[in-house]
Amino acid sequence: MRLNTKKIREDFPILKKKVYGKPLVYLDNAATTQKPRQVIQAMDSYYESYNSNVHRAVHKLSQEATQAYDDAHEKVAEFINAEGIEEIVFTKNTTESINIAANSLARHLKKGDEIVLTQMEHHSNIVPWQQAAKKAGAKLRYAEINNNGELDMQQLHSIISKNTKVVAFTHVSNVLGTINQAKEIVAAAKEAGAISVLDAAQSVPHMPVNVKELGCDFMAFSGHKMLGPTGTGVLYGRKEMLEKTEPMLYGGDMISEVSFEDAKWNELPWKLEAGTPNVAGAVGLAAAVDYLQKIGMENIHGHERMLTRIALKRLQGIKDVAVYGPKDAAKRGGLVAFNLNGAHPHDVSAFLDAAGIAVRGGHHCAMPLARLLGIAGSTRASFYLYNTAEEAEKFTETLEEIAAKLKKPTPIPESRK
Ligand code: C6P
């Protein structure tokens, strides 16, 4: 079903904003997305009418806040088809979610064990594993990418062995846009007796993701990348896995009993959510899930594919443009990273910004990948459900103008002649 972007855009107050007197074209959705008024209002309503701590007091406000907080877990569980709230840990972002998994799994690693990652990982799915490997004396191995920006599946299978204890990989690359064959990789990990950790920061917000169908042990994603508030993220873990997961933070609410000497942990998921949680964030995230479900994840995916196709086609028409990742929009998420005519990505981003178009320029927190591609960084446009075909056209037309400008020698001011 085609998305009614005109109607959708009415829900996003920020999209009416003008920057430098020009209509805002927001194409930095892979970094964080805008929020609909439904999310903003849900959070306002929490603060205005039932703001309270959760799981502690018996007073009415606390009961209401606790109900809303627990319901938010339930909603997220349904959204990704988890068994129930015991499999859903609220965190502040994908980074924290992966750190919880890595911190706990590190305790079970020993010298000679191997952790398999891919060359297209975000720092959040590299650095925690580097630290885990260092602590345990384990080794990191990397699944390689081919010239098309896709994983070389043969090489990936060849590095998964009986020594592999963890396979951690991104579902969709935040630079290449590549959609990885998650089900196949999870199955390969399982066959080797390894634990699979899926970085779903760029997939859960944009396409249907079903954890039961994928079979992954852990999955991490960010609420703020799916219309939810900043400071919200999720760690999904199969119940059996989360039961074995050691908390990363200790303190209030994560315990069932404390003596002067020792403590026992609370039941799932609270054992992994120490201290007063982000209740307003949870309420906002639940409203975001409602919003996405009403539109339909398959529809959102289709819409982004259409926008990506437009961008890819027009970019390929610009001379001296290097586009990264698969050429076929069907193999990608809704983002396109590129370099133009040897210009620095920050300059290209600044030119686009001057036209009211918000993109991201830089290494996108994937420095090893940038080095592998032989670049310092790239400029990236990333789409979401409220972006229109006209915006994708405007972005590429502006880029054509920038490309033409960059070809001309820089004019020397009269005073310097
Ligand atoms: N990528 C981008 O502009 P946090 O920051 O914890 O919410 O998400 C981290 C993260 C993990 N994995 C992938 C694949 C990601 O894309 C991101 C966030 C943003 O590309 C900010 S660096």
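**Strands of the sheet and the helices around it**

Q: Which residues of strand 8 point the opposite way from Ile195, Val197 and Asp199?
A: Strands are DSSP runs of E, at least two residues, and helices are runs of H or I, at least four, numbered from the N terminus. All the residues named here are buried (under 20% relative accessible area, 1.4 Å probe, protein chains only). Ile195, Val197 and Asp199 take one side of strand 8, and the other side belongs to Ser196 and Leu198.

Q: How many residues of strand 8 are buried?
A: This model is predicted: local features need pLDDT of at least 70, side-chain atom pairs pLDDT 80 or more, while totals for chains, interfaces and linings use all residues. Residues count from 1 along each chain as its sequence is written, and side-chain values use heavy atoms, leaving out hydrogens and water. Strand 8 covers residues 195–199 and is mostly covered. The buried count is 5 of its 5 residues.

Q: In what order do the 7 strands of the open sheet lie?
A: The sheet is open and its pairing is mixed. Strand 4 (88–91) and strand 6 (139–143) are its edges, each pairing on one side only. The order is 4-10-9-8-7-5-6.

Q: Which residue of strand 7 does Ile115 stand opposite?
A: Strand 5 (residues 114–118) and strand 7 run parallel. They are joined by 3 bridges. Opposite Ile115 stands Val166.

Q: What angle does the direction of helix 7 make with that of strand 7?
A: Helix 7 (residues 182–191) packs on the sheet. Helix 7 touches strand 7 and strand 8 (heavy atoms within 4.5 Å). Its direction makes an angle with that of strand 7 of about 170°.

Q: Why is strand 10 largely enclosed by the rest of the structure?
A: Gly233, Leu235 and Gly237 point one way from strand 10, and Val234 and Tyr236 the other way. Strand 10 (residues 233–237) is largely enclosed because its buried residues number 5 of the 5.

Q: Which residue of strand 10 is the bridge partner of Val89?
A: Strand 4 pairs with strand 10 in the antiparallel sense. The pairing spans 4 bridges. The partner of Val89 is Leu235.

Q: Which residue of strand 10 does Ser222 stand opposite?
A: Strand 9 (residues 218–222) runs antiparallel to strand 10, with 5 bridges between them. Opposite Ser222 is Gly233.

Notes: Buried means under 20% relative accessible area, exposed over 50%, partly exposed in between (1.4 Å probe, protein chains only). Two strands pair if DSSP finds at least two bridges between them. Axes are lines fitted to C-alpha atoms, for helices over the stretch in contact, and angles run from 0 to 180 degrees between N-to-C directions.
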